[in-house]
Amino acid sequence: MENTSYFAASGHKLGAFFSFIFRFPYYPFGASAVSKVILQDLGNRVLVGKDDEPVRQLISMISNDNYHVVQRLALLAVGNLGFCPENHHVLVAVEGLRELLVQLTATPEPRVNKAAARALAILGENESLRCAIGGRQIPKRGIRILSLDGGGMKGLATVQILEEIENRTGKRMHELFDLICGTSTGGIYAAALSIKSMSAYRLEEIYKNFGKVVFSEPVPKDNNSATWKEKLDQLYKSSSQSFRVVAKGSKHNPDKLERLLKDLCADEDGDDRLIESAVKDIPKVCLISTLVSVMPAQPFVFRNYQYPVGTPKAPCVTSESSGTTARVSHKQSGLIGSCKYQLWQAIRASCAAPYYLDDFSDDVYRWRDGGLMANNPTIISMREALLLWPDTKIDCLVSVGSGSVPTKARKGGWRYLDAGQVLIESACSVDRVEETLNTLLPMHPKIRYFRFNPVDERCDMKLDETDPAVWQKLEAATKDYIENNSEYFNIACETLVQASANSDTEK
């Protein structure tokens with residue numbers, strides 16, 4: 001691997017560097033510098049982890065409770081080391097480190113407390129972390145999973161179903177589930193419902209605003225009362241979007257979406273990396289994207305957790321982007337993924353729908369919409385749950401779609417365009433996963449599975465649709481679906497309430 005870190009480029013030995021930094025015992029600026037150097041460059045994380053002296057010095061700093069500022073910064077540095085797979089097995093094997101971190105989660109100094117919990121999360125000490133923060137246990141009956149499909153603005157159907165579940169159970173989603181998984185629009189929902197503990201009603205309001213801002217709200221198609229100025233403005237927007245597709249390869253400028261996501265994801269402590277939320281008593285969450293800077297493209301799991309200590313690791317694969325060679329680690333039975341990205345970056349990568357929005361890149365890796373690999377992420381969510389809690393069975397699995405249209409005859413057209421459309425439909429299909437689950441889950445009768453997805457002509461809607469009249473048709477179709485399946489909703493909600501009550505009792 002090409003290494004661009006300061007230490008590799010300069011040839012300086014880390015032991016000498018750390019001896020200089022720590023010449024004055026527990027010097028705060030030195031600890032701060034180490035923490036930032038480790039986080040900002042993968043090469044530095046690898047090199048620091050290969051030298052025993054830095055790790056010994058950091059643990060020494062953590063053990064001295066006379067300097068809380070230094071203690072916190074050293075804890076952050078140890079956590080940042082743990083982001084690097086090469087360091088992970090070294091740190092978890094350090095004698096007494098886990099016990100020391102657990103002890104520090106009980107310290108009266110809140111910032112030290114949080115930094116110690118963060119380090120436990122990064123090292124994958126999930127059960128120790130749960131006990132330390134007083135988090136809820138998985139119910140005895142098993143894991144409860146919520147899986148949310150992608151679909152762009154069709155996600156208004158998804159949120160309407162979620163509102164119905166909240167209304168019938170009297171609880172929010174983060175109170176009902178242990179793991180929430182989403183793709184694209186479902187990824188936005190998963191993050192908002194779990195990490196932000198948002199209600200479905202609030203989420204609907206925010207998502208409609210997202211659509212209007214990001215997709216440039218047009219004059220309604222059937223609005224004959226629109227002024228000539230409004231019609232001219234709409235003509236200009238349509239023309240500029242067409243030009244952007246030719247010039248940039250995507251219809252909409254992602255800058256507006258990124259600004260909205262940064263505002264939505266901002267944390268009051270300034271800590272909006274995914275793993276930072278692991279110290280809260282909330283569900284685990286994962287967002288699905290497609291990593292396209294490797295060949296073949298792979299599903300990529302942005303998550304707010306690490307797999308437990310001892311989960312086997314597969315060999316690294318190499319990805320080249322922007323002239324930089326980088327290593328991507330993945331689990332033997334899991335998927336490529338990471339917990340170190342900021343929340344807004346994870347959502348943006350999951351929502352990078354081809355034609356509609358540009359790819360998302362961090363200058364090393366490049367992602368596209370998760371719907372290209374797993375528009376219905378239910379199977380991935382099951383896989384993640386079994387990796388997170390390998391000794392616990394799945395009890396309840398709720399999968400929510402964004403609406404489908406009935407099968408109908410395809411209109412004749414140019415065969416090459418038809419072939420492209422068929423490829424897109426095949427990649428983004430949610431029905432194949434549903435068919436697979438309906439085939440396999442009867443072999444596991446103890447898993448209680450519920451799938452909610454309206455099938456109606458009124459669900460035929462573009463991903464970037466912003467016409468309120470079209471939204472209303474989708475919402476009417478979803479309302480009819482809920483009414484026609486009221487008993488099915490009751491069974492699902494009763495199951496969730498029962499499981500939630502058991503979880504509260506066992507906590």
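**Two helices side by side**

Guide: Helices α14 and α16 are roughly antiparallel to each other, because the angle between them is over 145 degrees. Please keep in mind that this is a predicted model.

Visitor: What are the angle and the distance between the axes of α14 and α16?
Guide: The two helices pack at an angle of about 155 degrees, and their axes are 9 Å apart. The crossing of α14 past α16 is right-handed.

Visitor: Which residues meet there?
Guide: From α14, the residues are Ile-206, Phe-210, Val-213 and Val-214. On the side of α16, they meet Lys-256, Leu-257, Leu-260, Leu-261 and Leu-264. Sorted by class, this contact has eight nonpolar residues, no polar ones and one charged residue.

Visitor: Now α10. Which of its residues are buried?
Guide: Helix α10 covers residues 126-133, and Asn-126, Ser-128, Leu-129 and Arg-130 are buried in it. Their cover includes α8 (97-104), α9 (110-122) and α19 (378-388).

Visitor: What follows α10?
Guide: Gly-134 follows the helix, and its phi is positive, near 70 degrees.

Visitor: And what about Glu-125, is it buried or exposed?
Guide: Glu-125 lies in the loop between α9 and α10. It counts as buried because its relative accessible area is 11%, and the cut-off for buried is under 20%.

Visitor: What is Glu-125 in contact with?
Guide: Setting aside neighbours within four places in sequence, Glu-125 is in contact with Arg-98, Leu-120 and Val-309.

Visitor: Changing topic: which residues other than glycine have a positive phi?
Guide: Ser-197 is one of them, with phi near 50 degrees. Tyr-355 is another example, with a positive phi of about 80 degrees.

Visitor: Where are Ser-197 and Tyr-355 found?
Guide: Each is in a loop. Ser-197 is found between α13 (185-194) and α14 (200-214), while Tyr-355 is found between α17 (343-350) and β8 (360-361).

Visitor: Why do they count as partly exposed?
Guide: Ser-197 counts as partly exposed because its relative accessibility is 21%. For Tyr-355 the value is 42%, so Tyr-355 is also partly exposed.

Visitor: Where is the cis peptide bond?
Guide: A cis peptide bond joins Met-295 and Pro-296, with omega about 0 degrees. Pro-296 has its place in the loop between β3 (284-291) and β4 (298-303).

Visitor: How many disulfides are there?
Guide: A search of the whole structure finds zero. Cys-286, for example, is in no disulfide. The nearest cysteine sulfur belongs to Cys-181 and is 3.4 Å away, whereas a disulfide needs the two sulfur atoms within 2.5 Å.

Visitor: Is Cys-286 buried or exposed?
Guide: Cys-286 counts as buried, because its relative accessibility is 0%.

Visitor: How far apart are Val-69 and Glu-109?
Guide: In sequence they are 40 residues apart, and in space they are 9.8 Å apart, taken from C-alpha to C-alpha.

Methods
Residues are numbered from 1 along each chain as its sequence is written. This is a predicted model: local features need pLDDT of at least 70, side-chain atom pairs count only at pLDDT 80 or more; totals for chains, interfaces and linings use all residues. Side-chain values use heavy atoms; hydrogens and water are left out. Buried means under 20% relative accessible area, exposed over 50%, partly exposed in between (1.4 Å probe, protein chains only). Helices (H or I, at least four residues) and strands (E, at least two) are DSSP runs, numbered from the N terminus. Contact means heavy atoms within 4.5 Å. Axes are lines fitted to C-alpha atoms, for helices over the stretch in contact, and angles run from 0 to 180 degrees between N-to-C directions. Angles under 35 degrees count as roughly parallel, over 145 as roughly antiparallel, 65 to 115 as roughly perpendicular and the rest as oblique. A crossing is left-handed if the near helix is turned anticlockwise from the far one by less than a right angle, and right-handed if clockwise. Ala, Val, Leu, Ile, Met, Phe, Trp, Tyr, Cys and Pro count as nonpolar, Asp, Glu, Lys and Arg as charged, and the others, Gly among them, as polar.
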